[in-house]
Amino acid sequence: MRFLQALTIDSSSSVKVRGLTIQNSQQMNFVISRSASVRVSQVLVSAPEDSPNTDGIHITGSTNVVLQDCKIGTGDDCISIVNGSSAIKMKNIYCGPGHGVSIGSLGKDNSTGIVTKVVLDTAFLKETTNGLRIKTWQGGNGYVRGIRFENVRMDDVANPIIIDQFYCDSPKTCQNQTSAVKISEIMYRNVTGTTKSAEAMKFACSDTVPCSNIVLSNINLEKKDGTAETYCNSAQGFGYGIVHPAADCLSSHDKDFSMVDQTEIAQDYVTDETEIAELAESSSEAIVHTEL
């Protein structure tokens with residue numbers, strides 16, 4: 001069996017990785033699999049923008065993982081988190097180019113996908129094809145819940161905030177199916193910047209297993225050459241503070257948000273703008289892309 005990943009941590013615990021540079025991996029750059037208590041800091045990942053399947057850091061079946069001060073430019077997801085992963089914390093992340101920070105894909109071929117307790121705090125995404133993404137296939141089962149994206153700045157990002165429960169990375173048209181991975185308790189807080197796509201926020205949820213408890217707090221996404229908008233399908237939630245573009249399409253008629261910590265939502269939260277600005281300025285110079 002050929003291993004095309006540059007670095008894999010598998011079936012391990014209490015691992016620290018610091019100050020590593022990975023460049024031009026054939027496929028996924030850095031994989032954390034079936035592991036616990038992994039600390040990754042000051043890692044630089046670089047791959048060409050047009051290189052397929054070159055996820056920067058891919059986390060699968062792992063718990064208690066911290067990614068901090070990482071700079072990732074690649075041809076696929078900067079960070080991808082898939083089935084069996086929980087307690088994942090990401091702090092001070094630069095992403096671009098790439099496909100953004102993704103949970104999923106999950107539920108392919110009617111499989112079970114479970115991801116819980118994920119936090120992204122302080123990130124800068126530059127000219128990526130997606131921003132903060134959750135992607136699941138029709139026909140799967142399981143759940144994604146307890147996710148928080150906060151203090152994120154976008155620069156000319158397509159699909160800055162997206163939940164896609166009709167994900168179909170296949171040459172064939174994907175069949176409509178009623179079962180789906182359940183998505184709930186998703187918070188977006190202090191997310192600002194510019195969107196390349198008209199739909200700055202897209203919540204394309206399953207008709208039969210709607211998304212619930214989506215919370216938007218202090219969102220400001222502008223389109224440079226037009227009007228940004230929000231798209232919803234079978235999505236329930238609410239906004240708090242400034243939410244632009246407006247997300248009135250989120251249905252909240254049932255008022256069943258007991259799973260969301262209302263106190264946490266209501267408390268004043270001061271974004272460290274200097275920290276995000278420094279991350280953007282320093283990181284854009286650090287990533288040097290070379291051809292394969």
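Me: Which residues do ring pairs link into a cluster?

Reply: Rings of Phe, Tyr and Trp (its six-membered ring) pair if their centres lie within 6.5 Å, with planes under 30 degrees apart counted as stacked, over 60 as edge-to-face and the rest as tilted. Here, ring pairs link Phe149, Tyr188 and Phe203 into a cluster. Please keep in mind that this is a predicted model, in which local features need pLDDT of at least 70 and side-chain atom pairs count only at pLDDT 80 or more, while totals for chains, interfaces and linings use all residues. Residues are numbered from 1 along each chain as its sequence is written, and side-chain values use heavy atoms, with hydrogens and water left out.

Me: How many aromatic pairs does a search of the whole structure find?

Reply: The search finds four aromatic pairs. One of them joins Trp137 and Tyr167, which are edge-to-face at 5.5 Å centre to centre, with 90° between the planes. Both Trp137 and Tyr167 are buried, where buried means under 20% relative accessible area, exposed over 50% and partly exposed in between (1.4 Å probe, protein chains only). The rings of Phe149 and Tyr188 have centres 5.4 Å apart and planes at 20°, so that pair is stacked. Because Phe149 lies in strand S14 and Tyr188 in strand S16, the pair ties together parts that are 39 residues apart in sequence.

Me: How should I read strand labels, and which strands does S16 pair with?

Reply: Strands (E, at least two residues) are DSSP runs, numbered from the N terminus, and two strands pair if DSSP finds at least two bridges between them. Strand S14 (residues 141-157) pairs with S16 in the parallel sense over eleven bridges, and Met154 has Gly193 as its bridge partner in S16. S16 also pairs with strand S18 (residues 211-223), in the parallel sense over ten bridges, where Met187 stands opposite Val215.

Me: Why is strand S16 largely enclosed by the rest of the structure?

Reply: Twelve of the 14 residues of S16 (residues 182-195) are buried, so the strand is largely enclosed.

Me: In what order do the nine strands of the open sheet stand?

Reply: The order is S1-S4-S7-S9-S11-S13-S15-S17-S19, with parallel pairing. Strands S1 (7-10) and S19 (229-233) stand at the edges, each with a single partner strand, so one side of each is left without a neighbour in the sheet.

Me: Where does the charged end of Arg145 sit?

Reply: A charge sits over a ring if NZ of Lys or CZ of Arg is within 6 Å of the ring centre and within 35 degrees of the ring normal. The charged end of Arg145 sits over the ring of Tyr143, 3.9 Å from its centre.

Terms used: Helix = DSSP H or I, 4+ residues; strand = E, 2+ residues; numbered from the N terminus.
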